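Hi,

Here is the structure I promised to pass on. Have a look at it first, then read my notes on the aromatic rings below.

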Amino acid sequence: MTKFPVVAAALLAGVAAPAFALDEIETRAYYSTNADNAVGKYVSAPMTKISDWTDDYMIATCGANDMCTAFKGSHENNVLDTYALYAAWDDKNLYIAWQMCNTGDTWAREGDGPLTDYGHIGEVPLILAISVDPSSTCMSGKLENGDFIWQTTSSNGVTFKSHVDHLFFMSGKVGTGVPAMFTASNASGATNYGANCKEYTKLGISYYVTNDFAPSHYWRQKETANYDISGTLISDPSILESIYDKDCYENLLGPNYPSNLKPHSTEYDSFFQITIPMSALGIDREWLEANGIGARIVATRGESGIDCIPFDPAMVDNVFDSYGADKSTSHEKDDIDEITYALANIGKMRTGSVTPPPGPVDPDPVDPDDPDDPTPPADGNYVIYYDNASTNWGTVYTWIWDEADGDKNYTGGAWPGAVMTLDNTNGYYRYSFNCEAASPKLRCMFNPGGDNGKTKEFDLVNHGLYNNAGFVRSLDATGVDSVVAAPSADTEYFNLQGHRVSASSLTPGIYIVKTGSDVRKTVIR
């Protein structure tokens, strides 16, 4: 283990910046944090797919099969095993990726717990913890009422002693839940579901998962614990120390694949990427590269941490005790994990002091007095909509081209295309553009910021509403289904708050209208 030095506060840009201590890191076996001072890399184009992430973006590593279920509860599903952490940034966005492992297929039978649902991660909370300004209040991981975030209990969860000031919560099953960023609401580091909780969709944050493996190495810890038929531990608990011993690992990508294991398929592994506009953190590229930020991923079963990267020993301090709801599994699932080890640095090695961050920034401010930066133009003569309820992407992009004009592109010409904006009138995502061609053959597709999850190609219908399956229906020029009200007996009306409204008391406005199985937003004039 290594301890970073504490560096005295320095005067940067004429402002006295606070000094802060960085905590221990685990360096035994295959654990590392910012090895060789690697802090991620600047990129000139968005990171959109797993093949973009090579080893030179790696900022922290763990070993595979080093979490509590290797020693108690190996029969369970939802294998939560962090392996590698990556970082990159461009002029506007921060990209963080992490590799998770499931080596259960090397020993389990098809259909066994670790291979349930193809071994993929289910609806469990994943936490990205970020430290921007070390002088700010350290978040506790709790709500103002004492419960842990995304829980209704104060008896188990993850709390932070290593400084963090932004907590990003998301489901391991992309598209479920309401992912959000939390910041501290008081001096104790608590937060809330109000002003200090901002949904990803409102901040332009998106994330995805690919079932594959990116690193060039795959070091799997090979020791496991043994129990008798009653569930009593037979192995010496010191077997847990094997996770810190290089001799107890084998490289599943090496030339000498272990003869006692079944072949491993990377279809069981999970690679996540999150894209965060720097404006959501109140920083910009210049500040990031001058000061650096810290990051850690924590994987949980919904109650407490199971594994994290960079690694912290709190993930294995209650391995052999029993989970309250199932004695055959580990108390690590419902203990309190107090994380104290250092975060991984991104952008710059943080050596003890930072310049106060600039605060919220507009990534592309418009100067109306600059002739080269005029007020954004009015809507074009084409507009399309996307119903994100079918996919729940954090950010929605569209890619539009004219097959009759040499595939002329109307969304910037660089994949993944143009960002669609949320239309508060109807709740759909919207994109407008000008096309002056006399007889265009316009085509469109939609994506969450890359190839993963992209839709098929569709014919573009002006004012058309689409979902991931294709064209749904046309909307009017206001962006909603318009009708001159003549209510029928079998039609039900609801206001935008979800309350049913009598057809006889309808006033002009927007309503949710249900006729049989057909449900749509409608303007009553």
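Let's start with Lys333: its charged end sits over the ring of Tyr323, 3.9 Å from the ring's centre. You can find a second case at Arg28, whose charged end sits over the ring of Tyr244, at 3.9 Å from the centre. Bear in mind that this is a predicted model.

How many aromatic pairs does a search of the whole structure find? The search turns up 27. Take Trp399 and Trp415: their ring centres are 5.5 Å apart and the planes stand at 70°, which is over 60, so this pair counts as edge-to-face. Trp399 belongs to strand 26 (residues 397-402), while Trp415 is in the loop between strand 27 (408-409) and strand 28 (418-419), so the pair ties together parts 16 residues apart in sequence. Are these two buried or exposed? Trp399 is buried, at 18% relative accessible area, whereas Trp415, at 26%, is partly exposed.

Phe446 is in strand 31 (residues 442-447) and Tyr466 in strand 33 (residues 464-467), so here the parts tied together are 20 residues apart in sequence. Phe446 is buried, with 0% relative accessibility, and Tyr466 is buried too, with a relative accessible area of 0%.

Definitions and conventions:
Residues numbered from 1 in each chain as written. Predicted model: local features only at pLDDT ≥ 70, side-chain atom pairs only at ≥ 80, totals over all residues. Heavy atoms only, no water. Phe/Tyr/Trp six-rings, centres within 6.5 Å; stacked < 30°, edge-to-face > 60°. Helix = DSSP H or I, 4+ residues; strand = E, 2+ residues; numbered from the N terminus. Buried < 20%, exposed > 50% of the residue type's maximum accessible area, 1.4 Å probe, protein only. Lys NZ or Arg CZ within 6 Å of the ring centre and 35° of its normal.
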